[in-house]
2 protein chains.
Amino acid sequence: MNENTTSVNNLIDHLGRLPGVGRKSAERLAYHILRVSQGEALALADAIRNVRENVRYCKECFNFAESDLCSICSDSTRDDSILCVVEQPRDLMAIEQSGSYRGLYHVLLGRIAPLEGIGPDQLTIDALVERVRRGNFREIVMATNPNVEGDGSALYITNQLADFPVEVTRLARGITTGSVLEHANREILSDAIAGRQKL
Amino acid sequence: MNENTTSVNNLIDHLGRLPGVGRKSAERLAYHILRVSQGEALALADAIRNVRENVRYCKECFNFAESDLCSICSDSTRDDSILCVVEQPRDLMAIEQSGSYRGLYHVLLGRIAPLEGIGPDQLTIDALVERVRRGNFREIVMATNPNVEGDGSALYITNQLADFPVEVTRLARGITTGSVLEHANREILSDAIAGRQKL
C-alpha cells in the first residue's frame with residue numbers, strides 16, 4: 001500500500017514526531033523539503049545538527065548557551081541584583097522579548113509535577129539556592145506559569161529561600177491588556193481585584 | 001533583544017520557512033529538538049539529508065524514486081493497461097492509500113497555470129504523450145485536482161491524446177461520502193446529478 005520511497009517514509013515518520021505535526025502535516029512538510037532547493041533542504045538538516053552539537057545549558061542559569069555561560073550571564077550590563085526564575089528557556093525568551101526586564105535569570109528546566117513523577121530534585125532548584133546563597137541578589141522574581149504546578153513550584157522555592165535576605169516576588173496577575181472584561185473568568189477577576197493598583 | 005544562541009536562532013529561522021510554520025511554531029519546534037535525545041534530533045537531520053541525497057524522480061512516471069524506476073513502475077503485478085495522470089506525487093499517494101487502483105501513474109509535477117507563468121512545457125506532458133504512443137494503454141484516467149487549473153490541464157492533455165486509440169476518463173464527481181447534502185454547494189450538486197448512477 002505504500003508507494004513512497006524508504007527515504008520519504010523515513011522523513012515523514014521523523015517529522016510526524018514533532019509536536020503539533022500530524023501525519024498529513026508531516027507529508028506536506030516532506031514534500032516541501034523535496035521541492036525546495038538542495039541548499040535550502042541541507043541548511044535545515046545542518047541547522048538541526050548544529051543546534052544539537054553546539055548548544056548546551058548555561059552553567060550558571062541553565063538557559064541555552066554556546067559556551068559555558070549564556071549571552072545574558074556573560075553580559076556585564078545586566079542588573080545582577082535581581083533574578084527571575086522561569087520554568088523553561090522559552091519563558092525566558094518571552095520575558096526578554098517584552099523588553100521590560102534587565103536582570104538575570106534562572107531556568108528550572110521544568111516544574112514540580114508530582115503526577116508526572118517530577119520532584120524538586122529533577123529541577124535546577126539546588127543550583128538556584130546555591131546562587132542565592134553566593135550572590136548579592138536583592139530580589140527574586142518568580143515567573144513560573146500561572147497554574148497549579150507553576151504556583152506550587154514557586155511556593156516550594158519560596159520556602160527554600162526563606163532563610164536568605166532576599167525579597168521574593170511574583171509576576172502581577174490580573175486582566176490582560178487588550179482583553180474584554182466580560183470574557184475574563186472568576187479567577188482572573190479575583191486576581192485583578194486583589195492586586196488592584198493606585199491610579 | 002535576542003537572548004537565543006546563534007544556533008537556536010538559525011534553527012528557528014530555517015524551521016520558520018516550512019509551509020504552515022509561523023514564528024511561534026518554529027520556536028516550539030526548535031525547543032522540542034533541543035529537548036529530545038541527541039539520537040532523535042540527529043535522526044531527523046539525517047532523514048532530511050537522506051531524502052535529498054537519495055530521492056529523485058522516476059524516469060518513467062516522475063513519481064519519487066530511489067533508483068531509476070519507482071516502486072510502482074518496477075512492480076510487474078500492476079495493471080499496465082491503465083494510466084492515471086496526477087499533478088503531484090502526493091496525489092498519487094492519496095490514490096494509492098484508497099487501495100482501489102492497481103494501474104500505473106504519470107505525475108505531471110504541476111498543473112498548467114497561466115497566471116503563474118506555468119505552461120505545458122514546464123510539466124511532464126511530452127513524456128506522457130510519448131508513453132501513450134509507446135505503451136499499450138487502454139485507458140488514461142485524469143486525476144488532476146477538481147478546480148479550474150486542474151480541469152484545464154486535463155482538457156489540454158485530453159486534446160494532446162486525441163489521436164491515440166485510448167479512452168480518456170476522469171475521476172467521478174459528486175457528493176462526498178460522509179458529507180451532509182444540505183452543505184453541498186451548487187457545483188457539487190450539479191456534478192452529482194449529472195453523474196447519477198443506477199442503483
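Because the model is predicted, local features need pLDDT of at least 70 and side-chain atom pairs count only at pLDDT 80 or more, while totals for chains, interfaces and linings use all residues. Residues are numbered from 1 along each chain as its sequence is written, chains are lettered from A in the order in which they are written, and side-chain values use heavy atoms without hydrogens or water.View 1. A pocket is an open set of points on a 1 Å grid over the protein atoms alone, where a 1.4 Å probe fits, with protein on both sides within 12 Å along at least five of seven lines, and lining residues have an atom within 4 Å of a point. Of its 28 lining residues, Ala143(B), Thr144(B), Asn145(B), Pro146(B) and Leu171(B) are the closest to the centre of the largest pocket.

**View 1. Elements of both chains line the largest pocket.** Two or more lining residues come from each of α2 (23–35) of chain A and α4 (89–98), α6 (148–160) and β6 (167–170) of chain B, with α4(B) giving the largest share, 6 residues. By class, the lining has 13 nonpolar, 7 polar and 8 charged residues.

View 2. Met142(A), Ala143(A), Thr144(A), Leu171(A) and Arg173(A) are the closest to its centre among the 18 residues that line the second largest pocket. In chain A, α4 (89–98), α6 (148–160) and β6 (167–170) each supply at least two residues of this lining, and the largest share, 4 residues, comes from α6(A). The lining of the second largest pocket divides into 10 nonpolar, 4 polar and 4 charged residues.

Definitions and conventions:
Nonpolar A, V, L, I, M, F, W, Y, C, P; charged D, E, K, R; others polar.
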